[in-house]
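Here is a guided walk through one protein fold. Start with the chain as a whole, then follow its sheet and the helices beside it.

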Amino acid sequence: MKKWSLLLTAVALFVAGCGKSPESPASGSGAGPAGKKITVALLPKSKGNAYFISCKAGAEKAARALGIDLLFDGPTESDPAKQNEIVENWITLGVDVIAAACENREGISTALRKAQSRGIKVITYDADALPDARTFFVNQATPEGIGHGLMDEAARLLNAEGEFAIILATLTAANQQEWRKHIEARLAEKYPKMKLVAVRPCDDLKDKAQSEATALLSAHPNLKLLMNICSPAVPGAAEAVKQAGKAGQVKVIGLGLPSENRRYVKEGVTDSVILWKTEDLGYLTVEAAVALVKGTLKPGDKTFKAGALGEFEIKGDNILLGKPFVFNKDNIDQFNF
Amino acid sequence: MSAPSGKAFVLRHETVLLFVVVAEWCCFNALGPRFGTLDNSFDILRHTVEIGLLALAMTPVILTGGIDLSVGSLLGLCAILFGKLWRDAGLPPEVAAGCTLIFGALAGGLNAALITALRLPPLIVTLGTYSLFRGLAEAITRGADTFTNFPPSFLFLGQERWLGLPTQAWLFLVVAAGIWVLVHRMTYGRTYRAIGFAPEGARFAGVPVQGRIAGVYVLAGLVAALAAIIYTARLGQAKADAGTGYELFAITAVVLGGTSIFGGIGSVHGTLLGVAAIAILNNGLVHARQPREVAGMLTGALLLLALSSSVLPKLFAAWRRPPPAPVRSTPSPPT
């Protein structure tokens with residue numbers, strides 16, 4: 001019967017723990033403009049990702065400026081249930097507002113709705129949840145912003161004249177299609193002397209992008225620029241141009257992380273890499289989260305003033321970070337993501 | 001190792017582990033103001049049920065000297081299958097759940113057949129099905145399809161409370177009690193340990209060894225399917241990556257609970273304590289505002305510490321006693 005008593009003790013332990021002071025569930029804290037320090041919980045898709053580490057740096061700046069507590073936690077392994085667990089832990093901890101970058105759109109929404117039902121404010125950034133699971137989405141870049149940003153940069157480099165080609169991930173991916181549509185619209189509208197001669201998929205692979213780029217270079221001798229709208233394609237195309245000895249004659253631009261392209265940018269092969277400033281994304285997210293708790297940011301607002309960063313446009317329930325940022329030889333060393 | 005010393009080992013190990021769990025609880029209760037609340041206890045329960053179920057089902061498997069690496073992947077496959085049956089075949093959730101459970105048992109049967117009929121080592125067989133099941137789940141969804149928008153009546157299972165406890169906790173308790181009775185109180189299940197000690201000996205004692213071994217893998221499949229349904233209800237979403245890596249958590253909990261990886265020694269309540277120790281550690285660190293990565297480190301350290309703490313006293317005793325070997329052996333005259 002010794003085993004029985006062990007088992008019972010184990011169960012009793014759980015129950016005893018459960019029984020302990022069910023103090024008012026996490027909700028009570030609410031917003032604390034008067035007195036209590038606000039706690040913002042920031043959830044990245046994954047914790048070790050350089051992109052989110054950079055977001056965190058911006059978030060910490062905002063936290064210091066606003067004098068609030070910032071919690072930053074996210075999954076380190078590939079367990080899709082982890083984000084939910086973290087959010088549920090935060091609900092129990094009683095944070096004031098949760099800002100989430102969602103890996104599993106529908107799955108995380110369950111946990112975020114639960115947070116809302118306990119009086120915790122919820123916003124999303126980088127990757128949205130379902131609209132009813134958050135109040136605002138801090139949108140880092142609209143498809144229009146990305147499309148126009150890329151096309152304008154290409155036109156600036158070519159003086160709005162000449163042939164160019166696009167390398168993208170796949171011809172079917174929704175976001176790629178969306179960006180391509182806006183690139184082509186901008187081209188038709190503003191740059192009549194430029195000509196899009198080819199659009200090639202690279203399956204999101206760097207080596208495939210390199211061979212596609214090599215093929216494009218020989219097939220189109222008048223090609224002046226390669227525009228790469230998926231991140232592996234930017235270094236891939238740069239390598240192809242470099243090996244063909246056409247650095248400088250054929251420009252390379254694209255959407256990607258500065259860190260992956262720093263080498264080619266400094267060698268003068270890649271001219272510019274376009275992305276949003278991830279630090280600003282983190283800063284704006286924390287500013288918006290705190291404003292939501294304090295009540296200075298409400299649904300229906302048209303603009304939002306985010307401290308040192310200035311004013312941002314709100315479209316519906318999306319807070320827009322604004323135009324993408326162009327990384328080039330002059331500034332790329334300041335960014336380490 | 002003889003049976004009585006094995007039993008002493010189990011008892012001592014579990015006692016140690018119980019102290020560890022109590023110590024963890026007290027420690028985190030002191031560090032985190034909200035750790036000991038009812039809400040948080042329910043959070044721990046909710047987050048632990050799926051891995052706990054897998055660990056419970058893994059216990060008989062390891063007791064027979066086997067291993068099942070495929071349970072995490074099977075969880076993913078069952079979650080997808082459940083989603084498919086509900087959304088695409090239009091079955092009500094209860095029926096889809098029933099079919100999923102049957103499928104889980106069949107998938108466990110595949111492991112069982114390969115292990116018992118073809119006499120392949122469980123490690124290799126389940127390593128194969130580990131890839132096979134996950135691959136199937138990814139192929140069915142092409143890695144991108146997710147199942148969601150389940151009706152609230154189904155989500156109740158994973159997100160609400162029933163009679164004071166999170167709904168799924170009741171299922172967990174039923175499965176835990178069932179497997180405990182099977183392993184510790186039924187002649188049928190007691191043979192698992194006999195098989196783990198010495199399959200040949202068990203066979204000569206009249207135990208249908210292959211049949212019993214087949215049974216534990218079918219059970220593991222069935223429980224993995226149940227875990228899949230609960231997982232889907234908790235997250236409100238079924239995706240091909242569900243349960244990634246859960247098999248290793250389950251094995252860790254079982255071994256931490258004092259079950260010998262070679263089979264023959266172990267207990268279900270030990271496994272429950274093992275699950276509790278890991279779950280409390282993972283949750284408590286958040287409340288103590290420690291980085292989450294520490295949890296993996298501490299789980300590993302805990303496993304090693306708990307294992308060695310139950311062996312060290314014996315080593316110590318052996319060291320204090322004069323070594324018996326020279327006394328018993330007849331001294332040979334020097335040549």
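What share of the contacts in chain A with a separation of 6 or more comes from residues 24 or more positions apart? The share is 72%. Keep in mind that this is a predicted model. Chain A has 337 residues, and 50% of them count as buried. Its secondary structure comprises ten helices and 14 strands.

Now turn to the sheet. Six strands of chain A form an open sheet in the order β7-β6-β8-β9-β10-β14. The pairing is mixed. Which strands stand at the edges? They are β7 (194-201) and β14 (325-328) of chain A. Each has a single partner strand, so one side of each is left without a neighbour in the sheet. From one strand to the next, the twist averages 20°.

Strand β10 of chain A covers residues 270-275. It runs antiparallel to β14(A), and four bridges join the two. In one of these pairings, Ser272(A) has Asn328(A) in β14(A) as its bridge partner.

Next come the helices on the sheet. Helix α7 of chain A, residues 206-219, packs on it. This helix touches β6 (162-168), β7 and β8 (223-228) of chain A. Its direction makes about 160° with that of β8(A).

Helix α8 of chain A, residues 233-243, also packs on the sheet. The strands touched by α8 are β6, β8, β9 (251-255) and β10 of chain A. Here the angle is about 170°, taken between the directions of α8 and β9(A).

Note on methods: Residues numbered from 1 in each chain as written. Chains lettered and ligands numbered in written order. Predicted model: local features only at pLDDT ≥ 70, side-chain atom pairs only at ≥ 80, totals over all residues. Buried ≥ 20, exposed ≤ 12 C-beta atoms within 10 Å, placed from the backbone. Contact = placed C-beta atoms within 7 Å. Pairing = 2+ DSSP bridges. Axes fitted to C-alpha atoms, helices over the stretch in contact; angles between N-to-C directions.
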